[in-house]
Amino acid sequence: MDQGIQHCYAGTQRIRCNSTQEEIVHCGGSAAWQCLAPTLQILTEISLICDLLEDFQLFQQPDTFTWSLTADHAYSAASAYGAMFLGSSRMLGAKQIWRTAAPPRVCTFFWLTLHGSCWTGDRRFRHGLQASNLCIMCDQQPETMDHILIACCYSREVWHLWLHNMRLQLPLGDHGEPALHWWLRVRKLVPKPFRRGFDSLVFLIGWMLWKERNARTFRFVATPAPQLVSAMQQEASLWALAGNKHLQNILSRLRASVV
Ligand SMILES: [Zn+2]
């Protein structure tokens with residue numbers, strides 16, 4: 001045993017870090033250890049490597065690199081890019097956000113909402129940028145994105161008008177339920193032919209509620225809920241005219257209810 005370890009340690013003196021398989025095997029399989037102090041642990045591990053390499057079969061061909069991330073072991077840029085995301089997990093709602101038919105700026109707005117990156121009154125208050133964190137629309141609760149989108153009494157009135165006009169019996173968000181969770185829960189209750197249109201509609205309503213909040217905050221202009229719903233319907237018609245067939249489909253329920 002002592003002789004074997006001495007042989008292994010002697011091998012470390014002759015090996016470079018870029019040694020080939022053949023050089024490593026012949027020198028005792030210890031290339032990586034040449035810069036390390038000969039402690040008992042290192043010598044034991046070298047001995048273990050020697051045991052593992054004892055039955056190693058060498059071939060006459062030179063060493064080659066193989067790419068283990070593809071089935072045919074051929075390198076591809078796509079597989080290398082995909083390897084950057086190995087072990088990562090997708091955020092809840094990310095897939096639905098980017099699949100929703102809506103203008104890019106609206107999808108980006110919801111993506112920022114998902115990441116909690118919008119500067120609401122509550123966030124500005126926490127950073128010492130304003131004296132109060134109360135909602136500009138109801139002056140009752142902290143102004144968070146979840147509050148603006150579904151929890152505010154003003155927003156709930158808007159949602160109620162929309163759902164009533166479209167004859168959709170869907171529950172409004174429970175107290176404290178994140179808007180994203182509410183959307184992902186409620187969309188499953190919408191009949192499948194109208195589901196993607198409902199997604200677009202949620203984005204449109206959320207986007208215009210945010211714009212209403214901004215109008216009240218920065219321009220001191222407030223719009224009553226029924227008038228905001230009318231403005232939303234005009235905006236929805238523009239989206240449909242621009243080619244949003246899913247929204248066009250669900251808006252047909254609105255026209256049918258008016259007739
Ligand atoms: Zn409010």
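This is a predicted model: local features need pLDDT of at least 70, side-chain atom pairs count only at pLDDT 80 or more; totals for chains, interfaces and linings use all residues.

Reader: How many helices and strands does the protein have?

Author: The protein has 13 helices and zero strands. Helices (H or I, at least four residues) and strands (E, at least two) are DSSP runs, numbered from the N terminus.

Reader: What share of the residues is buried?

Author: Of the 259 residues in the protein, 26% are buried. A residue is buried if 20 or more other C-beta atoms lie within 10 Å of its own, exposed if 12 or fewer, and partly exposed in between, with C-beta atoms placed from the backbone.

Reader: And what share of the contacts joins residues at least 24 apart?

Author: Among contacts between residues at least 6 apart in sequence, the share is 49%. Two residues are in contact if their C-beta atoms, placed from the backbone, lie within 7 Å.

Reader: Let us turn to packing. At what angle do α11 and α12 pack?

Author: Helix α11 (residues 192–219) and helix α12 (residues 225–241) pack at about 130°, and their axes are 10 Å apart. Axes are lines fitted to C-alpha atoms, for helices over the stretch in contact, and angles run from 0 to 180 degrees between N-to-C directions. The two helices, α11 and α12, are therefore oblique to each other. Angles under 35 degrees count as roughly parallel, over 145 as roughly antiparallel, 65 to 115 as roughly perpendicular and the rest as oblique.

Reader: Which residues make that contact?

Author: On the α11 side they are Ser200, Leu201, Leu204, Ile205, Met208 and Glu212, and on the α12 side Leu228, Ala231, Met232, Glu235, Ala236 and Trp239. By class, the contact of α11 with α12 has nine nonpolar, one polar and two charged residues. Here Ala, Val, Leu, Ile, Met, Phe, Trp, Tyr, Cys and Pro count as nonpolar, Asp, Glu, Lys and Arg as charged, and the others, Gly among them, as polar.

Reader: How do α6 and α11 cross?

Author: The axes of α6 and α11 come within 10 Å and cross at roughly 75°. That angle is why α6 and α11 are roughly perpendicular to each other. Val106, Phe109 and Phe110 of α6 make the contact with Phe203, Gly206, Trp207 and Trp210 of α11. Six of these residues are nonpolar, one is polar and none is charged.

Reader: What about α9 and α12?

Author: Their axes come within 9 Å, with a crossing angle of roughly 55°. This makes α9 oblique to α12. In α9, Tyr154, Glu157, Val158, Leu161 and Trp162 meet Ala225, Pro226, Leu228 and Val229 in α12. The contact of α9 with α12 divides into eight nonpolar, no polar and one charged.

Reader: Now the core. Which residues of the largest nonpolar core touch the most other members?

Author: They are Val158, Ala179, Leu201, Leu204, Ile205 and Ala236, in a core of 38 residues. Such a core is a set of buried Ala, Val, Leu, Ile, Met, Phe, Trp, Tyr and Cys residues joined through C-beta atoms within 7 Å. Helix α11 gives the most to this core, with nine residues.

Reader: What does Leu201 touch?

Author: Not counting residues up to four places away in sequence, Leu201 touches Ala236, Leu247 and Ile250.

Reader: Where does Asp139 lie, and what is its phi?

Author: Asp139 is in the loop between α7 and α8. Its phi is near 55°, a positive value in a residue other than glycine. Most residues other than glycine have a negative phi. Asp139 counts as exposed because it has 9 C-beta neighbours inside 10 Å.

Reader: Finally, what is the phi of His73?

Author: His73 has a positive phi of about 60° although it is not a glycine. His73 lies in the loop between α3 (40–53) and α4 (77–83). With 11 C-beta neighbours inside 10 Å, His73 counts as exposed.

Note on methods: Residues are numbered from 1 along each chain as its sequence is written.
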